[in-house]
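Hi there,

Here is the structure I promised to pass on. Please open it alongside this note, and I will walk you through what I found.

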Amino acid sequence: MEFQAETGGKRRARTECAVIGVHERSELSGEALAIDGALGGRLGRILRGGDFAGRLGETLLLPDLGAGPAARVLLVGLGSTKSWSRRHYRRALLSSAQALLKCGAREALVTLAAEQVPEVDAYYRARYVAEAFGQARYQIPTLKSTRKPAPPKLAAVRVLVAERGDLVAARRGLEHGAAIAAGSAVTRDLANLPANVCTPTYLASFATRMARSHRKLTTRILGEREMKRLGMGSLLSVTEGTEEPARLIVVEYRGGKAGEAPVALVGKGVTFDTGGISLKDPGGMDEMKFDMTGAASVLGAIKSLALLQAPINVVGIVAACENMPGGRATKPGDIVTSMSGITIEVLNTDAEGRLILCDALTYSRRFKPRLVVDVATLTGACVVALGAHNSAVMSNDDSLAEALVAAGRRSADTCWRMPLGEEYQEQLRSNFADLANIGGRDGGAITAACFLWKFVDGMKWAHLDIAGTAYQTGTAKGATGRPVPLLVDFLLSNP
Ligand code: BES
Ligand code: MN
Ligand code: ZN
């Protein structure tokens, strides 16, 4: 899909569909008024006649408008002016995109980005347009045997900006938004695949294939033998119970200066989490195919950066394995030695994410990263604490935590900081090893982060727990593509 930014004015080309936003109980203004004039006041009559109230996300398509400036008009409700916000703007964009993709127009003129939105500048107003179309167009790669729906006709979206001076920012916003949408789609595709397709081997070959299509990307895949040689006893303890071989996937994106320290992104890639010998409850266990979304979001973010040729060096490190029970599986009470030398008593085999991440974090040291961010569907406790709206961020560096929170707010992919602390750390004491892998029920998301904290001494580090935000459950079950917008925004902000 092509995006183009343009200013208003009389000489503008006719459009197949003009998208016009209308607030509740308000009149047409700006560009809408001009279009209405050319349509003989038809839009105003529709509003006055009570056929369109302007409720947030409401849409009304007026087709077959003849030879005027627009063959169709799509009215989109913006809700009340009082509560107009970033969130409502994005909601209106998504409804517009969904309605547009259903109609017959091959091209559309979106006027929504020309309006002011509190705290949102021209760059983000445009970026959200491209992201919304990506979101609306996304289709889960299903294994349904019914025929696939026909692809939408819409191929080009023209985005109106308020003034000439906004054009440069808007063009950048559209470009970034399209790349973020493409990266999110990669993440969603991988996460939505069933675990019998998306195995560690599959993730590794996906990363290799992705690297082949971008000049600045390279991959290196480590097998279990190499991991053993590196002393990754903690990571390997998780994969003992399965036949499926584990992989450590290293993707390097070199868009910055040669020799410039990279940002390391470390992803949890548990392609299925049964809990192991500490077997999970069967209810909703299918959703544990999403337990590799951290890994998928690392690959998705790198995809976005590669599409943008962003001037930064990033190394993605994905620890991929299955967590299964079995005759050789790790048992509660087993003690393993991590790559760092720290010994771990595995009191619960279902707390496996931290066991693979600690070795991946230790491995990241060899890249001398200027900072490390790990991304993981790490704890159910995080979902209890923050629900589905915010990821959790924990960090040993205040400015890094603040930068991530700010990037989350700007990209509407928010995260909320939670604490680390010695007092929590004490919950991880073991009588038999340096560290236990669980810290009890209380503060479960925090003790999980505290476990990882033990392995990042001397590194600037942040942990994102995305257990609540990575995917939706219920009838809308599926991956959300989060936290790709957050990660890309953060990485583009020159951290
Ligand atoms: N993958 C789960 C965390 C999770 C739970 C993600 C729900 C998404 C939704 C993780 O491996 C896990 O099982 N964590 C345990 C830790 C506990 C044993 C300390 C949990 O949260 O119950
Ligand atoms: Mn688990
Ligand atoms: Zn898990």
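First, the ground rules. This is a predicted model, in which local features need pLDDT of at least 70 and side-chain atom pairs count only at pLDDT 80 or more, while totals for chains, interfaces and linings use all residues. Residues are numbered from 1 along each chain as its sequence is written, chains are lettered from A and ligands numbered from 1 in the order in which they are written, and side-chain values use heavy atoms, with hydrogens and water left out.

Asp 273 sits in strand S9 (residues 263-273), and Glu 352, 79 residues apart from it, in the loop between strand S12 (343-346) and helix H10 (353-364). Helices (H or I, at least four residues) and strands (E, at least two) are DSSP runs, numbered from the N terminus. Asp 273 is buried, with a relative accessible area of 3%, and Glu 352 is buried at 1%. Buried means under 20% relative accessible area, exposed over 50%, and partly exposed in between (1.4 Å probe, protein chains only).

In helix H15 (residues 484-492), 8 of the 9 residues are buried, so the helix is largely enclosed by the rest of the structure. The buried residues include Pro 485, Asp 489 and Phe 490. After H15 comes Asn 494, with a positive phi near 60 degrees.

**A loop residue.** Val 117 lies in the loop between strand S5 (107-110) and helix H4 (122-137), and is buried, with a relative accessible area of 3%. Leaving out residues up to four places away in sequence, Val 117 touches Trp 84, Ser 85, Arg 86, Tyr 89 and Arg 125, where contact means heavy atoms within 4.5 Å.

Contacts between H5 and H9 include Ala 179 and Gly 183 of H5, and Gly 300 and Leu 307 of H9.

Best wishes
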